[in-house]
Amino acid sequence: MWVIYAFLFFLIRDIAYQFFEVSWGAETYMTFATLGYFLLVLDRVPFFRGTRFSLFAVIFGLLLVVANGTILFELGNIVSNHVNNNIELLLFYLYGVSLITLILSAYYYNHRLNSMRSLLFLMMVFCFVASDIASCLAYYIDLQGLYYLDRTMFILSMALLVNFGLNIKGAAREEVDFISLQE
């Protein structure tokens with residue numbers, strides 16, 4: 001159910017993308033992207049309950065947080081000179097934190113179940129990350145060519161999201177695998 005809402009939020013985000021140069025457009029874009037990412041994380045939370053994290057997963061997760069946090073703060077330094085107000089900057093950082101949280105959940109979800117569906121989810125998240133970084137650099141550094149990468153990756157991520165959401169047979173198989181992993 002969360003996947004459907006996330007999909008709708010991403011559609012609203014993409015409409016707001018057309019009005020990014022207006023303050024409300026940027027704020028709407030970042031708000032709905034953040035909500036969409038958190039909804040995707042919420043959708044995966046049941047797969048994390050009752051699991052013990054291995055040392056490898058924790059170390060790799062910390063490395064992901066440090067690497068992505070560094071990228072977020074570097075992009076934040078670039079963005080801070082171009083935002084219309086402090087709310088936009090706060091939304092930018094919340095947007096980044098939601099994406100980092102999604103990256104961690106996608107990694108652990110794939111690490112835990114290692115299914116085709118979890119791999120699709122991980123690839124979808126990678127496409128969202130590539131799209132977001134490309135759009136940020138295209139807009140704030142004025143690298144116009146990156147808009148093509150942004151749009152391509154966003155369309156691919158949405159296609160992967162639809163594939164992930166409609167893969168009912170894979171979801172049922174994952175439930176069985178998850179129950180057997182808990183025993």
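The model is predicted, so local features need pLDDT of at least 70 and side-chain atom pairs count only at pLDDT 80 or more, while totals for chains, interfaces and linings use all residues. Residues are numbered from 1 along each chain as its sequence is written, and side-chain values use heavy atoms, leaving out hydrogens and water.

**Surroundings of S115**
- S115 belongs to the loop between helix 4 (86-113) and helix 5.
- Apart from neighbours within four places in sequence, S115 is in contact (heavy atoms within 4.5 Å) with N110 and E174.

**S135 in helix 5**
- S135 is part of helix 5, which comprises residues 116-140.
- S135 counts as buried because its relative accessibility is 8%.
- The side chain of S135 reaches the backbone oxygen of D132 at 3.0 Å.
- Beyond its neighbours within four places in sequence, S135 is in contact with Y17, Y29 and D150.

**Helix 2 against helix 5**
- Helix 2 (residues 23-44) packs with helix 5 at an angle of about 165°, and their axes are 13 Å apart.
- The two helices are therefore roughly antiparallel (angles over 145 degrees).
- From helix 2, Y29, Y37, L40 and R44 meet R117, F121, M124, F128, D132 and S135 of helix 5.
- This contact has 6 nonpolar, 1 polar and 3 charged residues by class.

Key. Helix = DSSP H or I, 4+ residues; strand = E, 2+ residues; numbered from the N terminus. Buried < 20%, exposed > 50% of the residue type's maximum accessible area, 1.4 Å probe, protein only. Polar contact = N/O pair within 3.5 Å; in protein donor to acceptor, adjacent residues only side chain to side chain. Axes fitted to C-alpha atoms, helices over the stretch in contact; angles between N-to-C directions. Parallel < 35°, antiparallel > 145°, perpendicular 65-115°, else oblique. Nonpolar A, V, L, I, M, F, W, Y, C, P; charged D, E, K, R; others polar.
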